[in-house]
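This briefing accompanies the structure shown below.

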Amino acid sequence: MKKIKSLLFLTIILFAACQNEPIADNSAEAKRIISLSGFLTEVLFDLGYGEQIVGTDITSAYPSETDSIPKLGHISQLNAEAILALKPDYIFVEKSQVNQTEVFAQLKNAGIKIIPITTSRHFNNAVNAANQLKNNLDIEEEQIEAMAKKIETDSLKLIEILSNTTKKPKVLFIYARGAGNLSVSGTGTAAEAIIQKTGGQNAITSFENFKPLTPEALIESGPDVILMFSSGLASLDGKAGLVQIKGIPQTPAYKNNRIIAMDGHELTSFGPRVGETAIMLAKKLQE
Amino acid sequence: MSIKSLLSLPILLFLLIISIVGAIFLGAYQTSFAEIGQAMMNFLNGKNNAITYLIFHIRLPRILLAGLVGGGLAIAGAAIQGLFRNPLAEPSLIGITSGAMLFAVSSIVLMGSFLATFSAIFQQATVSIFAFIGGLSTTYLVYFLSSKHGRTNVMTMLLAGIAITAFAAAITGIFIFLSDDQQLRDITFWSLGSVSSASWIQLGITAPIVLIGTFLLNTHAKSLNAILLGEKEATYLGIKVEKVKSQIILITALIVGVSIAMTGIIGFVGLIIPHFLRLIFGTDYRFLLKGSALLGAIFLIIADTLARTIIAPAELPIGILTALVGAPFFLWLLLQMQRKNSEL
């Protein structure tokens with residue numbers, strides 16, 4: 001019996017030791033981090049790891065401190081050498097993008113740790129990501145709890161706003177890159193996810209993903225609200241440019257002046273500020 | 001062959017070696033002499049560290065691939081220009097590029113959702129194989145359309161090439177229309193070319209095709225000189241024109257096909273490099289073919305070194321650089337030559 005007890009004790013200690021190993025690894029000096037996602041960059045900054053980021057992809061534009069961090073370009077056009085030159089300890093990348101480029105295989109072979117982070121289009125996205133980052137970084141539990149708390153508080157506010165209304169406006173999301181390059185969101189996009197979570201419904205349900213915008217489809221969808229990225233609306237020279245597009249002036253959204261433009265990253269990344277963003281959008285949709 | 005051009009071959013070879021060595025030392029990752037020496041020792045002893053890996057698995061393969069593709073595209077361009085007796089001809093005229101593009105784009109779009117779960121290397125290999133098949137089969141179609149009773153009409157071939165290219169471009173357009181954002185981005189980058197993913201496996205496939213192809217094209221140098229006089233005249237001189245034609249087209253399709261498959265579309269090299277040499281040394285295919293292969297290799301190695309360093313830590317697609325660097329230089333040379341001629 002004694003033997004069994006001591007064996008059990010030994011097992012527990014060994015088990016604990018195994019568990020401790022990565023933490024021991026973390027306790028070393030500040031790690032050098034590369035973040036290849038605007039969302040992950042924002043989460044890392046939120047958790048206080050901004051100063052350890054030595055390189056980001058082109059979508060990392062928030063917070064403004066990212067301006068001074070070397071930009072590595074688009075994730076499908078990475079320069080393996082330049083990344084090695086930055087001597088990163090970890091490269092964090094969204095799991096859905098890990099098969100984007102052969103460069104990851106090269107980097108892995110060169111001994112760089114590439115950590116894929118699973119993401120989702122739910123309010124707990126940032127907290128989930130933070131919990132995954134904790135496997136490699138020395139993140140304190142309180143910080144993640146603070147992040148979760150903030151999102152939770154905002155979600156409760158959002159629920160309150162939505163419980164006071166029965167309006168479900170039809171929202172058309174237009175993705176614009178200049179006047180000649182407009183597409184609209186069908187189902188299954190991040191834009192649809194945020195629209196549905198803020199009390200709207202997608203004006204287009206007949207196809208998946210994005211399709212080029214046609215005037216007829218635009219009028220047929222009859223949106224109550226048109227939602228765009230600020231950068232997208234700017235690429236059309238604002239609302240004055242939007243009217244020039246055939247079909248837009250005929251929509252209820254335009255007639256009632258209900259064109260909403262919001263920051264693209266804020267709107268679709270489901271990051272740490274998703275609660276604030278959702279409340280802002282919900283209020284605008286309910287106007 | 002003139003003495004000037006005889007002398008320039010060793011010089012070009014020397015420059016090629018210089019550019020390879022230079023490219024090994026240059027990069028976003030600063031490496032010293034000592035480090036590279038150390039990396040070589042490690043490599044020979046079978047040890048592996050980050051710098052050894054960087055030099056021997058990232059930098060060296062891409063330098064060699066750039067050299068092979070550059071040389072291959074340039075000599076293919078020179079041979080096609082000779083065959084068609086047309087200075088504007090280049091391999092894309094006989095449908096290789098558009099066919100490869102069509103097949104690559106269709107594989108990106110049609111299998112995008114299916115392939116997304118596979119590793120990047122597998123995805124890339126699939127696109128490569130499709131591009132290679134596309135380039136070859138389109139060229140065969142053009143060749144087949146313009147051949148009758150064992151004779152190939154070069155004029156018909158040129159026109160058939162233009163028609164097939166337009167047709168392939170239209171179908172490519174349909175696939176581009178159907179593509180989502182991600183696929184569209186893949187297509188764009190593919191059509192701008194890149195050697196960044198070069199590996200020893202890719203080199204193992206590319207090197208034999210390009211090197212043997214280059215050697216075989218060279219054996220046709222005299223025939224191409226004779227064809228310069230006209231096909232009939234060449235026949236009177238004892239050249240088996242039809243045989244030369246079919247061989248050159250086959251070899252060109254293989255070289256350009258494998259190049260595009262490995263790197264995407266890298267324009268400009270096949271057209272400009274042979275012309276550049278022609279302007280300086282005149283049209284003698286005994287020199288022009290070898291010279292184009294060497295200069296093409298040098299040109300693309302330098303272009304790729306620029307691609308990976310000038311905007312580091314990001315990277316520029318190489319297809320942009322070849323035109324960006326090459327076009328103004330070529331224009332300058334053209335103007336110089338014009339001035340010289342008017343002085344005479």
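A residue is called buried when its relative accessible area is under 20%, and exposed when that value is over 50%. The model discussed here is predicted. With this cut-off, strand 3 of chain A, residues 90-94, is mostly covered, as five of its five residues are buried.

**Strand 3 of chain A and its neighbours**

- On one side of strand 3 of chain A, the buried residues are A:Y90, A:F92 and A:E94, and on the other they are A:I91 and A:V93.
- Strand 1 of chain A (residues 33-35) pairs with strand 3 of chain A in the parallel sense, over three bridges.
- Within strand 3 of chain A, A:I91 is the residue that stands opposite A:I34.
- Strand 4 of chain A (residues 113-117) also pairs with strand 3 of chain A in the parallel sense, here over five bridges.
- A:I91 has A:I114 as its bridge partner in strand 4 of chain A.

**Backbone geometry in chain A**

- Most residues other than glycine have a negative phi, and most peptide bonds are trans.
- The peptide bond joining A:Y62 and A:P63 is cis, with omega at about -10 degrees.
- A:P63 belongs to the loop between strand 2 (53-56) and helix 3 (80-85) of chain A.
- A:N257, which is not a glycine, has a positive phi near 55 degrees; A:N257 is found in the loop between helix 11 (252-255) and strand 10 (259-262) of chain A.
- A:F270 is likewise not a glycine and has a positive phi of about 50 degrees; A:F270 lies in the loop between helix 12 (264-268) and helix 13 (274-286) of chain A.

**Interface of chain B and chain A**

- Contact involves 32 residues of chain B and 27 residues of chain A.
- The area buried between the two chains is about 2500 Å², and carbon and sulfur atoms give 54% of it.
- In chain B, the residues that lose the most area to chain A are B:Y29, B:Y53 and B:P313, together 24% of what that side buries.
- Two salt bridges are counted between chain B and chain A; the side chains of B:R59 and A:E81 meet in a salt bridge at 2.5 Å, N to O.
- There are 12 residue pairs in polar contact across the interface.
- Helix 3 (50-84), helix 6 (120-145) and helix 8 (181-192) of chain B each supply at least two residues of the side that touches chain A; the largest share, six residues, comes from helix 3 of chain B.
- That side of chain B divides into 16 nonpolar, nine polar and seven charged residues.

Conventions. Residues are numbered from 1 along each chain as its sequence is written. Chains are lettered from A and ligands numbered from 1 in the order in which they are written. This is a predicted model: local features need pLDDT of at least 70, side-chain atom pairs count only at pLDDT 80 or more; totals for chains, interfaces and linings use all residues. Side-chain values use heavy atoms; hydrogens and water are left out. Contact means heavy atoms within 4.5 Å. Buried area is the accessible area (1.4 Å probe) that two parts lose on being put together, summed over both. A salt bridge is a side-chain nitrogen of Lys or Arg within 4 Å of a carboxyl oxygen of Asp or Glu. A polar contact is a pair of N or O atoms within 3.5 Å; within protein, one must be able to donate a hydrogen and the other to accept it, and residues adjacent in sequence count only if both atoms are side-chain atoms. Helices (H or I, at least four residues) and strands (E, at least two) are DSSP runs, numbered from the N terminus. Ala, Val, Leu, Ile, Met, Phe, Trp, Tyr, Cys and Pro count as nonpolar, Asp, Glu, Lys and Arg as charged, and the others, Gly among them, as polar. Buried means under 20% relative accessible area, exposed over 50%, partly exposed in between (1.4 Å probe, protein chains only). Two strands pair if DSSP finds at least two bridges between them.
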